[in-house]
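Subject: Structure for you to look at

Hello,

I am passing this structure on to you. Please open it first; my notes follow below.

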Amino acid sequence: MNRSARYALRIASLAVALGLWQLLTSQDIDLWLRFSQFPTVTDVAHTFADRLAGPDYWTDLTDSLTRILSGFLLAAVLGVATGVLVARSRLAEDLLGPVLEVVRPIPAIALVPVAILLFPSNEQGIVFITCTAAFFPVLVSTRHAVRALTPVWEEAVRTMGGGRWRVLGSVVLPGALPGVFGGLSVGIGVSWICVISAEMISGQYGVGYRTWQDYTVVDYPGVFVGMVTIGVLGWLTSTAVELLGRRLTRWLPRTAQGPAARPKSARSGAAPPPAATAGRKDSIRTRPEEARDEHLVRD
Amino acid sequence: MSTSSETETETETETGTRTGTSTGAGPGTGAGAPGRGTRLTLRDAALGRPDAAAVSGVDVDVSPGEILTVVGPSGCGKSTLLRTLAGLLPPLAGTAEQDGRPIDGPGADRALVFQEDALLPWRSLRANVELPLAVQGLPRAERRDQATAWLERVGLAAQAGQLPHRVSGGQRQRAQLARALAGRPRAVLMDEPFGALDAQTRAGMQDLLVEVLHGTGATVVFVTHDVDEALFLGDRVALLGAGRLTAVRDVPRPRDRTARDDPARTALRRDVLTSLGT
């Protein structure tokens with residue numbers, strides 16, 4: 001399937017969901033599930049347009065984004081550092097392991113009282129909760145990824161005379177990156193859950209705060225505007241994490257997209273594109289050893 | 001069991017590949033001189049992981065510039081022997097020495113070549129070969145020049161920019177060889193480097209190894225389970241089995257393809273196969 005067809009399919013999936021929503025709500029369907037009180041898509045769209053024109057929406061948006069980004073980035077740095085430390089050092093594992101394992105099962109949102117006691121301002125408390133939420137998935141996946149590294153990579157660098165920091169920079173961090181990004185993807189998701197919940201409980205401004213305000217004044221279309229905003233922001237941020245991850249782990253062997261794709265791309269680095277096929281034939285003719293290895297290239 | 005009396009090296013071979021090595025360089029004299037081999041000695045050593053000794057009572061002395069092949073069935077402790085010489089594993093008993101000084105950890109002068117998949121998969125072949133040079137602190141441009149030269153020497157100039165999983169197993173092993181030699185080690189420890197290759201590719205790799213070792217003067221310890229490979233490459237061949245180093249034998253006419261039918265070589269081959277119990 002080509003690229004544009006796949007995009008069309010994705011848009012169609014969203015359109016069908018919206019269409020179904022509009023159908024159920026505009027017809028006031030009550031089949032055990034009651035859609036009669038539900039705002040229609042057009043109601044929500046009108047409210048959305050009004051909100052976009054006002055100043056509050058953008059303040060809420062930037063507030064929420066600032067909170068989640070600071071919390072998430074902090075969690076990424078702390079989670080990777082702690083994960084590497086715990087995986088590489090037995091002392092760190094014994095010192096930090098028990099504390100981390102006891103704190104881990106506590107839902108981050110249950111830390112609201114702790115945040116209120118600890119931090120002078122609400123703002124810092126929300127960042128703390130967001131950070132704690134994303135910290136554990138990053139920590140756990142980093143720890144696993146570091147432990148699963150192939151030992152010969154480290155042995156190879158050490159027999160080149162590389163020390164601790166060289167092993168860390170040249171083997172551990174790049175080698176653990178695919179696993180780390182697994183944790184970051186999960187982390188950005190739970191970060192959104194926690195930033196919105198924390199805003200609903202204790203925030204001033206922010207998408208979560210606004211959504212809860214709308215609910216208390218029975219402005220249901222407003223609630224849905226909040227939900228759509230959260231959905232879109234969550235989708236954008238996790239896509240950003242995903243794309244960055246794919247970019248940084250481009251070296252991972254991937255299956256070919258199509259039967260012809262792989263040989264072509266395997267060669268593109270070796271010979272200039274216009275002369276690719278000619279160059280390849282030449283190299284086989286002039287280098288019998290290369291040709292001999294050729295049959296192993298794509299197994 | 002002492003085998004250190006048989007350390008006379010046979011560097012003057014018909015292939016003439018091992019020139020300029022070890023004409024009586026005693027322990028310590030080679031230290032600091034780049035391009036010279038190093039003397040590796042194990043004295044009454046027990047080797048293995050702390051909870052399980054794989055081999056014990058190992059006495060072996062590898063002269064500077066010599067190629068010693070170690071042959072034995074799988075699981076007999078060949079890799080353990082290499083890792084001990086590399087400094088990755090401390091001996092459980094006895095001593096492991098380099099030029100008379102105890103080996104207390106891995107170092108750039110003892111490079112290790114692994115059976116497979118030891119190239120860092122996120123680095124291109126060239127970046128992999130540059131790695132030991134980066135560890136040594138060479139400036140970027142020089143790293144690049146030297147790595148390119150080494151890749152050319154092993155016939156991988158065209159694949160320099162490729163990631164390891166994009167090239168064949170034989171090409172990966174050539175890149176590993178280039179990476180090991182780029183750091184100018186005084187000893188190269190090879191752990192069944194051609195074990196995963198098909199017979200034809202393997203013969204080509206053996207010839208390439210002999211060719212690229214030419215002039216480096218490095219001491220080589222080459223572990224294999226292939227008796228013919230051991231007899232082709234080694235100045236001497238060490239037999240490992242049943243938890244002991246059972247014998248170290250001089251090889252007549254090493255690195256000479258035509259010596260395959262030499263009566264002395266066939267007799268040795270028969271002896272080796274008999275003592276390995278195959």
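Which residue with a positive phi follows H5(B)? Gly215(B) does, with a phi near 85°. Helices here are DSSP runs of H or I with at least four residues, strands are runs of E with at least two, and both are numbered from the N terminus.

Before the rest, two notes on conventions. The model is predicted, so local features need pLDDT of at least 70 and side-chain atom pairs count only at pLDDT 80 or more, while totals for chains, interfaces and linings use all residues. Residues are numbered from 1 along each chain as its sequence is written, and chains are lettered from A and ligands numbered from 1 in the order in which they are written.

Helix H5 of chain B (residues 199-213)
The 15 residues of H5(B) should span 21 Å at 1.5 Å a residue, and its end C-alpha atoms are 21 Å apart, which agrees. The expected span is 1.5 Å times one less than the number of residues. Buried residues of H5(B) are Thr201(B), Arg202(B), Met205(B), Gln206(B), Leu209(B) and Leu213(B). Buried means that 20 or more other C-beta atoms, placed from the backbone, lie within 10 Å of the residue's own. Seen down the axis of H5(B), these residues fall within an arc of 145°, so they line one face of the helix. The arc is taken over the directions from the helix axis to the C-beta atoms.

Sheets of chain B
One open sheet has six strands in the order S6-S7-S8-S3-S9-S10, and its pairing is mixed. Two strands pair if DSSP finds at least two bridges between them. Strand S6 (110-113) and strand S10 (244-250) of chain B are the edge strands, each pairing on one side only. From one strand to the next the twist averages 15°. S6(B) runs parallel to strand S7 (residues 187-191) of chain B, and four bridges join them; Ala111(B) has Val188(B) in S7(B) as its bridge partner. Helix H4 (residues 169-182) of chain B lies across S6 and S7, at about 175° to S6(B). Such angles run from 0 to 180 degrees between N-to-C directions, with axes fitted to C-alpha atoms, for helices over the stretch in contact.

The other open sheet described here has four strands in the order S2-S1-S4-S5, with antiparallel pairing. Strand S2 (52-62) and strand S5 (101-102) of chain B each have a single partner strand, so one side of each is left without a neighbour in the sheet. Two bridges join strand S4 (residues 93-98) of chain B to S5(B), and Glu97(B) has Pro102(B) as its bridge partner in S5(B). Helix H1 (residues 78-86) of chain B lies across strand S1 (40-49), S2 and S4, at about 120° to S1(B).

Chain A and the contact
Chain A contains 13 helices and two strands, and 29% of its 299 residues count as buried. Helix H1 (residues 3-26) of chain A reaches 35 Å from its first C-alpha to its last, close to the 34 Å expected for its 24 residues. The count of buried residues in H1(A) is zero. Just after H1(A), Asp28(A) takes a positive phi of about 50°.

The contact between the chains takes 26 residues from chain A and 35 residues from chain B; residues are in contact if their C-beta atoms, placed from the backbone, lie within 7 Å. On the side of chain A, the largest share, five residues, comes from H7(A).

Regards

How values were computed:
Contact = placed C-beta atoms within 7 Å. Buried ≥ 20, exposed ≤ 12 C-beta atoms within 10 Å, placed from the backbone.
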